Amino acid sequence: MTFTVTVQPSGHTFTVERDEAVLAAAIRQGVGLPYGCKDGACGSCKSRLKDGRVIHGAHQLKALSPAEEEAGYILTCCATPQTDLVIESREVVGAGQFPIKKMPCRVSRIDKPAPDVAVLKLQLPANDRLQYHAGQYVEFILRDGSRRSYSMANAPHTQETQPGIELHIRHMPGGKFTDHVFGAMKEKDILRMEGPFGSFFLREDSDKPIVLLASGTGFAPIKAILEHMEHKALARPTVLYWGCRRRADLYLDDWAQAAAARLPWLRYVPVLSEPTAEDAWSGRTGFVHQAVMADWPDLSGHQVYACGAPVMVESARRDFVAHCGLPEDEFYADAFTSEADKH
Ligand SMILES: Cc1cc2nc3c(=O)[nH]c(=O)nc-3n(C[C@H](O)[C@H](O)[C@H](O)COP(=O)(O)OP(=O)(O)OC[C@H]3O[C@@H](n4cnc5c(N)ncnc54)[C@H](O)[C@@H]3O)c2cc1C
Ligand code: FES
């Protein structure tokens with residue numbers, strides 16, 4: 001038995017199999033609904049149910065509150081239809097553009113630019129290229145079938161000269177996958193992955209100035225977006241804010257400094273929340289999203305792309321919209337949710 005979902009205002013329709021989530025069916029059929037974690041934790045897939053009935057699987061209250069559920073909102077990633085549906089959702093142009101493939105990959109290099117950050121270079125079969133939008137992510141499929149998501153840190157065109165993809169992985173002690181990355185993983189290991197996924201990428205149909213906001217390894221997809229902008233000569237005025245705790249955590253500070261020196265349209269503002277005397281830091285301090293608000297009290301004409309810790313992404317979304325006049329639909333984000341956010 002299948003149900004039909006109609007998306008408004010686009011009028012696009014797609015089918016959902018019995019017991020399938022709305023989002024899974026949309027991704028399978030290349031329909032560009034917005035999403036992030038695919039697992040009820042980030043809220044990026046929130047849509048309004050205008051007609052029909054769904055059953056909601058487990059999800060976090062911060063992704064969808066009881067009041068929002070009461071007001072007719074659903075999370076498409078964990079809602080299975082009981083009838084045909086009409087939903088209201090923005091559609092993301094280009095989200096379903098590239099085939100989603102499962103493939104093995106080989107770890108060709110592991111670097112540790114900071115004590116808790118690993119930069120992995122992965123080689124694809126027969127030096128194949130992965131087609132994706134800068135900002136998207138892949139999922140590793142672990143032995144027990146569970147999955148972990150990581151954003152590509154290199155723009156797709158860079159594979160022409162250096163085959164493979166680059167990921168930036170922060171160690172979360174006690175974490176199933178990252179304990180392995182910082183423990184037994186070695187070069188030449190084979191991993192299984194699937195991708196590309198995600199709707200966090202540059203909206204190229206806009207010419208608004210851009211704020212890029214990263215915390216920790218949230219810098220990865222932001223780096224890919226900057227490489228893509230340079231490659232495509234997209235010279236929209238852009239400010240990059242990168243927030244970390246300490247100086248050593250700005251693991252590609254040199255890369256960002258060099259990009260800002262090379263690109264006349266780019267400014268770079270590193271922000272430390274807990275610098276120590278040893279850091280001898282004379283730059284900006286505090287929470288990174290508050291540094292943006294101090295510099296840009298009026299964001300009504302901007303687009304913001306934010307990536308990294310869920311608490312940073314959520315604070316930025318809330319405060320930029322409430323206090324800086326940012327239109328809610330000009331805030332694009334991937335929150336790096338983990339098991340810690342789901343319990
Ligand atoms: C769209 C997306 C993109 C992402 N991109 C990146 C990226 O580019 N770089 C990056 O570093 N990360 C990224 N992440 C986060 C990444 O997917 C993982 O969640 C993260 O690396 C942790 O994985 P893990 O298996 O090591 O830890 P997990 O096993 O998920 O555990 C995470 C933490 O929670 C604790 N924990 C485990 N189980 C429980 C429980 N039941 N209750 C309470 N605490 C628990 C663990 O001890 C650990 O500290 C992304 C996430 C998303 C959703
Ligand atoms: S809550 Fe649905 S994609 Fe994150």
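These legends describe close-up views of one predicted model.

**View 1. The chain is divided into three domains.** Domain 1 covers residues 2-88, domain 2 covers 101-197, and domain 3 covers 210-342. The C-alpha centres of domain 2 and domain 3 lie 22 Å apart. Their contact takes 20 residues from domain 2 and 18 residues from domain 3.

**View 2. Six strands line up in an open sheet.** Read the order as β17-β16-β15-β14-β18-β19. The pairing is parallel. β17 and β19 are the edge strands, and each of them pairs on one side only. Now look at β15 and β16. Seven bridges join these two parallel strands. Tyr 241 stands opposite Val 269, a residue of β16. Strands of a sheet pair through backbone hydrogen bonds, either parallel or antiparallel.

**View 3. The largest nonpolar core has 30 residues.** Ile 222, Leu 226, Leu 240 and Trp 242 have the most contacts inside this core. Six elements each supply at least two of its residues: β14 (210-215), α4 (219-231), β15 (238-244), α5 (253-262), β16 (266-272) and β18 (303-308). Helix α4 gives the most, with six residues. The core draws at least three residues from each of domain 2 and domain 3. In soluble globular proteins, nonpolar side chains tend to be buried together.

**View 4. Leu 240 has contacts beyond its sequence neighbours.** Set aside the residues within four places in sequence. Which residues is Leu 240 then in contact with? They are Leu 212, Phe 219, Ile 222, Leu 226, Ala 256, Leu 266, Arg 267, Tyr 268 and Val 269.

**View 5. Asp 253 is buried yet has no salt bridge.** This residue is found in helix α5. Which side chain of opposite charge is nearest to Asp 253? It is Arg 247, 5.8 Å away. A salt bridge needs a side-chain nitrogen within 4 Å of a carboxyl oxygen. Not counting residues up to four places away in sequence, Asp 253 touches Trp 242, Tyr 268 and Pro 270.

**View 6. Asp 334 sits in strand β19.** Is Asp 334 buried or exposed? Its relative accessible area is 4%, so Asp 334 is buried; the limit for buried is under 20%. Asp 334 and Ser 44 are 290 residues apart in sequence. In space, they are 8.0 Å apart, C-alpha to C-alpha. Beyond residues up to four places away in sequence, Asp 334 touches several others, including Tyr 35, Gly 36, Tyr 137, Phe 200 and Cys 307.

**View 7. Cys 45 lies in a loop.** The loop is between α1 (22-28) and β3 (46-51). Cys 45 is buried, with a relative accessible area of 4%. Leaving aside neighbours within four places in sequence, Cys 45 is in contact with Pro 34, Tyr 35, Ile 74, Leu 75, Thr 76 and Cys 77. Cys 45 and Phe 98 are 53 residues apart in sequence and 20 Å apart in space, C-alpha to C-alpha.

Definitions and conventions
Residues numbered from 1 in each chain as written. Chains lettered and ligands numbered in written order. Predicted model: local features only at pLDDT ≥ 70, side-chain atom pairs only at ≥ 80, totals over all residues. Heavy atoms only, no water. Core = buried A, V, L, I, M, F, W, Y, C linked by side-chain atoms within 4.5 Å. Buried < 20%, exposed > 50% of the residue type's maximum accessible area, 1.4 Å probe, protein only. Helix = DSSP H or I, 4+ residues; strand = E, 2+ residues; numbered from the N terminus. Domains from an automatic or database assignment. Contact = heavy atoms within 4.5 Å. Lys, Arg positive; Asp, Glu negative; His and termini not counted. Pairing = 2+ DSSP bridges.
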